[in-house]
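Thank you all for coming.

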Amino acid sequence: MKLCVVGTGYVGLVAGTCFAESGNDVICVDNVAAKIDALRRGEVPIYEPGLEELIRRNVAEGRLTFQTDLPDAVKKSRVCFIAVGTPENEDGSADLSAVLAVARGIAQAMDGHRVVVAKSTVPVGTHAKIRAAMTPVTRKPFDVVSNPEFMKEGAAIEDFLKPDRVVIGAASPEAFKIMHELYEPFVRTGAPILEMDNASAEMTKYAANALLATRISFMNEVANLCERVGADVEFVRRGIGYDRRIGHHFLFPGVGYGGSCFPKDVQAAIHTAHENGMKFPLLGAVEEVNDGQKRRLVEKVVAEFGDDLHGKRFAIWGLAFKPRTDDMREAPAIAVINGLLERGADVAVHDPEALVQAKRVFGDRVTYHRVNYEALAGADALLVVTEWSEFRRPDFERMKQLMRRPVILDGRNIYEPDVMREHGFTYVSIGRAAVRA
């Protein structure tokens, strides 16, 4: 099948590459010429494990190309995916200007029937707005399909090639048939392709992310309560996770969620509810808890060192909002580092992939270290903010020699308190009793 994917951000680039990997001819389109030129040179603008290799292979085999010419791409394609950004407006609503501009551009270029697929995360009702934007511009027939993505950053290739399910919202048998043909190579192990109306497909994406965010905020509140009553949240997490109605996923307490999806999608769901005469107080609480949780690690620093942190140096391990990505959008590390800097602290940071992004956020206000141990030199404490695998089994004796004081504040509970006690660290984590050296 011949496709074009408009937008070479995270969703568009992964989707386009994976469609090419399954044998389709894919044109990825973007209006930023510098980005297209870089992709043609093999330079990938985002870090996602496995993506660079897939892009290079499919470009070399002629299935994947990059260009800025939208009309040409539309004329060469049967299916046109819209995968541009939907940033958050000040009122929490999603900005659909780019989505609708692309829809009009597709309509202007169409020379026959097209399936126009909204791959961007969009509010309920966007399919109707896309149709309304296209109808005055073209007399050619078209179908509007809602096909939300469910990729996790850091595991996006696996999620796309082996999905849990594929959700397709459409209104015509022809559109469903074409989308089935496109996705069947990815569901040969039995994962379902779920057909539904457009509005339900759009709502499915928001409901999924809102529920996952709710689980995270719930467990963070449970962890905070555990600290007050003397319980251990790790025992509690395991105790409830074996309930088949609950399961183990997204029950890990920490310093809150971030990224490009959960914060924006929770806000958009709240805004959609308000537009339809509903308050949705549960999601308001989820957001409030998450905002507070991002400050919990700084509160623990203040409890250990006092509110005035002048003359104190803190090492940060982990800047991206989650492991296996360089994405720092809404990352808890931003709130943690700003909280330390506001109190006069010196901050040294390390992340396996996100240092370039961090420099755009913090400039020269912190020092940057490519090796995690280098950030520890002279540190009064280490703060673990992102649970990268390489942080899980460090050389604790080397750490003690480098640090001014053997103090670890673990925002992801990646270490065991007994191990910290054996190595002589003061260890403060989330929802568990502190260990004192």
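This is a predicted model: local features need pLDDT of at least 70, side-chain atom pairs count only at pLDDT 80 or more; totals for chains, interfaces and linings use all residues.

**The sheet and its rings**

Let me start inside the sheet, where Leu-383 stands opposite Leu-409 in β13. Residues are numbered from 1 along each chain as its sequence is written, and side-chain values use heavy atoms, with hydrogens and water left out.

Strands β12 and β13 (residues 407–410) run parallel and are joined by three bridges; here strands are DSSP runs of E with at least two residues, helices are runs of H or I with at least four, and both are numbered from the N terminus. Two strands count as paired if DSSP finds at least two bridges between them. With parallel pairing, six strands make an open sheet in the order β11-β10-β9-β12-β13-β14, and its edge strands, β11 and β14 (426–428), each pair on one side only.

Which way do the side chains of β12 point? Ala-381 and Leu-383 point one way, Leu-382 and Val-384 point the other way, and all are buried, a word that means under 20% relative accessible area, with over 50% called exposed and anything in between partly exposed (1.4 Å probe, protein chains only). Helix α13 (residues 296–305) lies across β9, β12, β13 and β14, running at about 155° to β13; that angle, on a scale from 0 to 180 degrees, is taken between N-to-C directions of axes fitted to C-alpha atoms, for helices over the stretch in contact, and contact means heavy atoms within 4.5 Å.

A search of the whole structure finds 15 aromatic pairs, where rings of Phe, Tyr and Trp (its six-membered ring) pair if their centres lie within 6.5 Å, and planes under 30 degrees apart count as stacked, over 60 as edge-to-face and the rest as tilted. One of them is the edge-to-face pair of Trp-317 and Tyr-373, at 6.3 Å centre to centre with 90° between the planes. Because Trp-317 lies in strand β9 (residues 313–317) and Tyr-373 in the loop between β11 (367–368) and β12 (381–384), this pair ties together parts that are 56 residues apart in sequence. Both Trp-317 and Tyr-373 are buried.

Trp-317 also forms a tilted pair with Phe-391, at 5.1 Å centre to centre and 35° between the planes. Phe-391 lies in the loop between β12 and α16 (396–402), 74 residues from Trp-317, and the pair links distant parts of the chain. Phe-391 is buried, with a relative accessible area of 0%.

Elsewhere, ring pairs link Phe-19, Phe-81, Phe-160, Tyr-183 and Phe-186 into a cluster.

Finally, helix α1: its 12 residues (10–21) should span 16 Å at 1.5 Å a residue, and its end C-alpha atoms are 17 Å apart, which agrees; the expected span is 1.5 Å times one less than the number of residues. In α1, 11 of the 12 residues are buried, including Phe-19, and the helix is followed by Gly-23, whose phi is positive, near 110°.
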